[in-house]
Amino acid sequence: MRFNSKLPDVGTTIFTVMSRRALEEGALNIGQGFPDYPIDPRLARCLVDVIGEGRNQYAPMEGVTELREQISSKLHGSYGLRFDPQSEITVTCGGTEALYDAVQAVVGPGDEAIIFDPAYDAYEPAVRLAGARCVRIALAPPAFRFDWDQVRRALNERTRLIIINSPQNPSCTVADRNDLDALAALIRDRPITVLADEVYEHVLYDCRRHASVLAHPELREHSFAVFSFGKTLHATGWRIGYCVAPPALTRELRKVHQFNTFSIVSPLQYAVARYLRECPDAWTGLSAFFQAKRDLLTGLLRGSGFEPIPAAGTYFQLVDYGALSTDSDMDFADRLIREAKIATIPLSPFYAAPPAMTLLRLCIAKRDETLETAAARLRAFVR
Ligand code: GLN
């Protein structure tokens, strides 16, 4: 069979690869980001109830009204602003679908999108399938700060989109209000849209507060903001995400969404809506919850040779194994799976041109016992 691959250089995502390897090797999987503890039983109960009540047919294309209204209340609670469920909020299949739809909605052949390395791996393929190309700007380790001068130098008349992810996966850095001001100044009077991946909006550490594009009066007018109940309700397999954008952008996003997934699993949407009505503050303790896990894991690793890099947000933690080995991160991660029975995520796949670095990403959304076992295995590997 002859055909031209549209993404000849793209393999299987590193998350799937490492989860598969973990199964093959019987390794503890602290690579791909998902919790290993149960969801709130009240959320599970809501799902059973709405299915029994017959909420089993197509949901409206843009998402069930009850859920979009709950999302609007939640946004008001977080950012103090009202967003219209009818014209500004769309429910999607996880954050990933929202990202894809937003990209297809605004970029086309010949256009450029700016992304920041290490970049979450879903961005570039979406841009390329739209016929556009990515211009990648590196966040420099160890602090992974945004360099807005570099962004300015990368702008040209083809630039249509800047994708910013904060809290940032996989670097665990966060953008602050100054970063958003700098971004707003750069796109002022230019035909550039912002796609803000904010799926870790509720996981910031050490009293930091999330700077959302939605809370920025200028950026809000030019941005798609993407969120995820997978992260917020510890239910990554439910694949319920949403996109918030001004009406004109939402209209374009929905043109893609309606022919991509059309509409999202309806009982799951009704269940989340009911749960948020019954437990409106279910998500308010997330930063403290994950900060305790971050501190537990970094404490257990202290002095092990796996040096934690301070994490400002996300439910991940980077460790530097440079004191232990000069292996590439791919080779070292594979050794850890085979010899320590621990699956992690190497960082090089998130770069166009990986710098010399010896970093691995660990997921801390795990039971304390899992983190203790993981730390013990990493320590035993060093000895
Ligand atoms: N967001 C998850 C992570 O960063 C991965 C999701 C996926 O496997 N596509 O680990």
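## Aromatic rings

Ring pairs join Tyr37, Tyr200, Phe289, Phe290, Tyr315 and Phe316 into a cluster. The model shown here is predicted. A search of the whole structure turns up 18 aromatic pairs. Two of these pairs deserve a close look.

Start with Phe116 and Phe146. Their ring centres are 5.0 Å apart and their planes stand at 85°, so the pair is edge-to-face. Phe116 belongs to strand β3 (residues 112-117), while Phe146 sits in the loop between β4 (133-138) and α7 (148-154), so the pair ties together parts that are 30 residues apart in sequence. Are these two residues buried or exposed? Phe116 is buried, and Phe146 is buried too.

Now take Phe306 and Phe332. Here the ring centres are 6.2 Å apart and the planes are at 50°, so this pair is tilted. Phe306 is in the loop between α13 (286-301) and β9 (307-309), and Phe332 is in helix α14 (residues 329-340), so the pair ties together parts that are 26 residues apart in sequence. Both Phe306 and Phe332 are buried.

## Charges over rings

What lies over the face of Phe34? Lys366 does, at 3.8 Å from the ring centre.

## Two helices that cross

Two packed helices are described by the angle between their axes and the distance between the axes. Take helix α5 (residues 94-106) and helix α11 (residues 247-260). Their axes come within 8 Å and cross at roughly 115°. The crossing of α5 and α11 is right-handed.

Which residues of α5 and α11 meet? From α5 come Glu97, Ala98, Tyr100, Asp101, Ala102, Gln104, Ala105 and Val106. From α11 come Leu249, Glu252, Leu253, Val256, His257 and Asn260. By class, this contact of α5 with α11 has 8 nonpolar, 3 polar and 3 charged residues.

Leu7 is in the segment before α1 (14-25). Its relative accessible area is 19%, so Leu7 is buried, as the cut-off is under 20%. Leu7 and Pro125 are 118 residues apart along the chain, yet their C-alpha atoms are separated by 7.4 Å. Leaving out residues up to four places away in sequence, Leu7 touches Pro125, Arg128 and Leu129.

Pro308 is part of strand β9. Pro308 has 18% relative accessibility, so it counts as buried. The C-alpha atoms of Pro308 and Leu297 are 9.0 Å apart, and these residues are 11 residues apart along the chain. Setting aside neighbours within four places in sequence, Pro308 is in contact with Thr298, Gln317, Leu318 and Val319.

Ser348 sits in the loop between β12 (345-346) and β13 (359-363). Ser348 is buried as well, with a relative accessible area of 15%. Its contacts are Asp329, Met330 and Pro354, not counting residues up to four places away in sequence.

Pro118 is in the loop between β3 and α6 (123-129).

Ser166 and Pro167 are also joined by a cis peptide bond. Omega is about -15° for this bond. Pro167 lies in the loop between β5 (159-165) and α8 (177-187).

## Positive phi angles

Phe262 is not a glycine, but its phi is positive, near 65°. Phe262 is found in the loop between α11 and α12 (266-278). How does Phe262 count at 34% relative accessibility? Phe262 counts as partly exposed, because its value falls between the cut-offs of 20% and 50%.

Lys341 also has a positive phi in a residue other than glycine, near 60°. Lys341 lies in the loop between α14 and β11 (342-343). At 27% relative accessibility, Lys341 counts as partly exposed.

Terms used
Residues are numbered from 1 along each chain as its sequence is written. This is a predicted model: local features need pLDDT of at least 70, side-chain atom pairs count only at pLDDT 80 or more; totals for chains, interfaces and linings use all residues. Side-chain values use heavy atoms; hydrogens and water are left out. Rings of Phe, Tyr and Trp (its six-membered ring) pair if their centres lie within 6.5 Å; planes under 30 degrees apart count as stacked, over 60 as edge-to-face and the rest as tilted. Helices (H or I, at least four residues) and strands (E, at least two) are DSSP runs, numbered from the N terminus. Buried means under 20% relative accessible area, exposed over 50%, partly exposed in between (1.4 Å probe, protein chains only). A charge sits over a ring if NZ of Lys or CZ of Arg is within 6 Å of the ring centre and within 35 degrees of the ring normal. Axes are lines fitted to C-alpha atoms, for helices over the stretch in contact, and angles run from 0 to 180 degrees between N-to-C directions. A crossing is left-handed if the near helix is turned anticlockwise from the far one by less than a right angle, and right-handed if clockwise. Contact means heavy atoms within 4.5 Å. Ala, Val, Leu, Ile, Met, Phe, Trp, Tyr, Cys and Pro count as nonpolar, Asp, Glu, Lys and Arg as charged, and the others, Gly among them, as polar.
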